[in-house]
Amino acid sequence: MSDINCVTLSGRLTRDAELKYTQNGGAIVRFSMAVNRSKRNGDGSWAEEASYFDCVYFGKGAESVNSYLSRGRQVAVSGELRQSRWEQDGQTRSRVEVFVNNLSLLSQGGSKPQEGDGGTSYQKPATPYRENQNSYSKPQNQYRQQPQYQQAPAQQNGPEEFQDDDIPF
């Protein structure tokens, strides 16, 4: 029986990604991300707690997405965990990293673009859930206008005019 090693994370980058190339010309992008979770304190109140993960992304996909991976950018990654072990100054050290298979850009990060700086503006969509948090609704797409269809006027003596009794099946 083979073991399963899958991880999916959604969070924000804690620093800009670093792009390097191997001797064979392959791209390697390294970045770190913070994933928040709510944690209940001893007094019953809730507090946010962050976990930090180092990620490694290989290949042409990594090279093409590198310019978008800046500090504060929200991303979702899926991949596998790999542990590296080495000896340094007589001590055995280890590190666990996420080796990314898929990466999705979820939002723009960093500061908002200023007027006249040539940046694109971004408006956070409305929250996708209602007040009672038990029923979900699809958020309205604010960025693409839906086409408006109008019903064509009925033709008077055209081939489209028929009675239900005229249909042979």
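Predicted model: local features only at pLDDT ≥ 70, side-chain atom pairs only at ≥ 80, totals over all residues.
## Exercises: strand pairing and cysteines

In this fold, Thr8 has Ser78 in strand 5 as its bridge partner. Numbering starts from 1 along each chain as its sequence is written, and side-chain values use heavy atoms, with hydrogens and water left out.

**Exercise 1.** Work out which strands strand 1 pairs with.

*Solution.* Start with the terms: strands are DSSP runs (E, at least two residues), numbered from the N terminus, and two of them pair if DSSP finds at least two bridges between them. Next, take strand 1 (residues 7-13): six antiparallel bridges tie it to strand 5 (residues 74-88). Then look at strand 3 (residues 27-40), which also runs antiparallel to strand 1, over two bridges. Leu13 sits in that pairing, with Met33 as its partner.

**Exercise 2.** Follow strand 3 through its two hairpins.

*Solution.* First, strand 2 (residues 18-21) joins strand 3 by four antiparallel bridges, and Glu18 stands opposite Arg30. Five residues separate these two strands, with Gly25 in the turn at a positive phi of about 95°. Now step on to strand 4 (residues 46-58): 13 antiparallel bridges link it to strand 3, including Asn36 with Ala50. This hairpin also has five residues between its strands, and Gly44 in the turn has a positive phi of about 95°.

**Exercise 3.** Is Cys55 buried or exposed?

*Solution.* Cys55 is buried (under 20% relative accessible area, against over 50% for exposed and partly exposed in between; 1.4 Å probe, protein chains only), because its value is 1%.
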